[in-house]
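This report concerns a pocket and a pair of helices. Please consult the model shown below while reading.

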Amino acid sequence: MTPALGLASAFAFAAAPAVAETAPAPAQARTTMVVEWTRLKALPGERANLTAFIHLNWFAMDAKAVEQGLFTSYRLIANPAPDGEWDLLVEVGYPTALGYDEPATQAAFGAIRAAHKTVPVEGKTLRELGTILGTERLPVLTGTR
């Protein structure tokens with residue numbers, strides 16, 4: 001660690017208690033109880049556009065959900081096979097065993113969704129870019145370090 005980085009880390013650590021007293025614990029500190037995987041299949045020639053659409057729309061909302069503590073994480077995983085059953089997998093982590101089915105999560109995320117204005121990619125929305133193949137909920141048995 002460089003001296004400047006060490007000093008910055010020490011300063012951030014020293015300032016943390018004051019911040020913690022006024023703000024709720026960050027979502028990253030919450031344990032992920034389940035992840036939900038949503039697999040998507042892009043329409044022919046639309047994989048890159050579908051990827052951009054997920055970033056501009058789903059992840060714009062997911063970032064707000066993480067800030068509010070509704071989600072613990074989100075990420076996009078690409079299938080390396082160019083002609084596999086699915087092209088993209090969206091993984092969302094939740095701090096409760098019910099995941100998205102938690103009534104409070106549904107209500108709060110519904111408000112986030114209602115406030116979001118869809119950003120088309122190349123003039124297209126999800127319907128013109130691909131389809132959702134399905135979603136599954138998986139329990140998380142161990143944490144990451």
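## The largest pocket

Eighteen residues, written 18 in the count, line the largest pocket, and Trp 58, Met 61, Asp 62, Phe 109 and Arg 113 lie nearest its centre. On a 1 Å grid over the protein atoms alone, a pocket is an open set of points where a 1.4 Å probe fits, with protein on both sides within 12 Å along at least five of seven lines; lining residues have an atom within 4 Å of a point. The volume of the largest pocket is about 440 Å³.

This is a predicted model, in which local features need pLDDT of at least 70 and side-chain atom pairs count only at pLDDT 80 or more, while totals for chains, interfaces and linings use all residues. Residues are numbered from 1 along each chain as its sequence is written, and side-chain values use heavy atoms, without hydrogens and water.

## The lining

At least two lining residues come from each of strand 1 (34-42), helix 2, strand 3 (88-94), helix 3 and strand 4 (130-139). Helix 2 gives the largest share, five residues. Here helices (H or I, at least four residues) and strands (E, at least two) are DSSP runs, numbered from the N terminus.

## Helix 2 and helix 3

The axes of helix 2 (residues 47-67) and helix 3 (residues 103-115) come within 10 Å and cross at roughly 140 degrees. Helix 2 is therefore oblique to helix 3, as angles under 35 degrees count as roughly parallel, over 145 as roughly antiparallel, 65 to 115 as roughly perpendicular and the rest as oblique.

Methods: Axes are lines fitted to C-alpha atoms, for helices over the stretch in contact, and angles run from 0 to 180 degrees between N-to-C directions. Grid points are joined across faces, edges and corners, and a volume is the space filled by probe spheres set on the points.
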